[in-house]
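Open the model in your viewer and keep the selection tool ready.

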Amino acid sequence: MDMKRRRPTENRTCSLCICLILCVILAVCGCSSGQTNKEDEAHGAFRLYYVSKDADAVIPVDYDLQTPDERKKSVREILEVLSQQPDSVDYRAPIQGYTVRSFNLSGRTLTIDFSEEYRSQDQVREILARTAVVNTLCQIPGIEKVTFTADNKPLSDADGTLLANMSEDQFINNSGSEIRGYERIRLHLFFANQKGDRLVDTYRNVVYNSNIAPERLIVEQVLKGPNSDAVYPTLNQDTKVLSVTTRDGVCYVNLDSAFLTEPYNVTPQVAVYSLVNSLTQLPTVSKVQFSVEGKTADSFMETMSLQNTYEENPDLTSSGEEATGGEQ
């Protein structure tokens with residue numbers, strides 16, 4: 001590719017959380033409904049993501065996209081810019097030490113083929129570079145998934161997971177703090193079947209800030225909803241998580257009032273137990289207690305008391321072919 005130099009218009013020093021386990025570095029990234037502010041994108045705001053000079057964070061920088069209305073040209077432009085070393089000494093180009101050989105757009109999935117040198121990257125830098133590239137490209141309207149290859153051969157991360165169909169919401173952003181500890185976790189989450197009367201178990205790989213409690217991470221991921229069409233959301237995605245704490249095996253989940261508004265055609269049991277069954281997969285959690293803005297007096301959908309504590313209900317999970325939502 002002809003890599004022409006373009007410069008970002010403004011430096012920003014807000015650090016984006018990325019993460020990876022001590023010996024193992026993730027297999028995920030991407031673009032869908034994750035951390036990018038879609039309202040900002042709709043008004044023309046765009047950010048490039050670079051790797052910090054110490055290779056311990058991803059840094060967003062404001063940028064004027066020259067071809068916002070043409071997907072293919074936008075992809076080419078971004079890949080060119082991210083291959084050029086910026087003027088600032090505070091961050092580094094994520095595409096460095098290897099080159100872009102080609103890219104292909106198929107529906108909402110973008111496949112990028114890098115040179116063979118991609119495989120020789122340090123593990124930590126690889127996950128940061130991957131996050132920077134994916135988070136940047138996922139801001140382009142119509143791109144929801146990204147796949148990486150090297151010399152037209154599939155790529156995998158340190159634990160052997162293919163770097164295919166990566167999505168942005170697999171990277172958890174902890175605004176305002178720079179990440180020094182990295183972890184990767186495989187979450188066992190529960191969403192609804194098509195009828196909304198049963199739960200379907202799924203698995204999702206997430207890279208996150210180790211300062212975030214796994215219980216809170218699970219609540220946020222269930223509220224975010226599924227990443228595929230095989231299963232369906234259970235709870236109002238506008239719900240804000242006020243606090244999540246665990247004591248003596250009881251996970252106390254405090255949500256705002258949006259939790260009481262159920263926009264989906266699911267039963268109250270499916271909605272509540274999508275969180276309960278997901279949280280009780282953790283060895284630290286045996287029961288879940290809900291509250292709304294600190295109060296337990298409310299009921300959920302007029303049938304389930306929030307004064308109760310809830311234990312896992314395996315009987316709500318579908319069996320047979322319907323029982324797996326697969327990897328997300």
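Start by selecting lysine 73 and glutamate 70. Their side chains meet in a salt bridge, 3.4 Å from N to O. Here a salt bridge means a side-chain nitrogen of Lys or Arg within 4 Å of a carboxyl oxygen of Asp or Glu. Lysine 73 is partly exposed at 47% relative accessibility, and glutamate 70 at 40%. (Buried is under 20% relative accessible area, exposed over 50%, partly exposed in between, with a 1.4 Å probe and protein chains only.)

This is a predicted model: local features need pLDDT of at least 70, side-chain atom pairs count only at pLDDT 80 or more, and totals for chains, interfaces and linings use all residues. Residues are numbered from 1 along each chain as its sequence is written, and side-chain values use heavy atoms, leaving out hydrogens and water.

Next, select lysine 287 and glutamate 311. Their closest N and O atoms are 4.0 Å apart, in another salt bridge. Lysine 287 sits in strand β12, glutamate 311 in the loop between β15 and β16, 24 residues apart. Then pick Arg101, Asp113, Asp151 and Lys153: salt bridges with shared partners join them into one network.

Now show the open sheet, ordered β10-β11-β12-β15 with mixed pairing. (Strands are DSSP E runs of at least two residues and helices H or I runs of at least four, numbered from the N terminus; two strands pair if DSSP finds at least two bridges between them.) β10 and β15 stand at the edges, each with a single partner strand. β11 and β12 run parallel, joined by 6 bridges. One to click: asparagine 254, whose bridge partner in β12 is serine 291.
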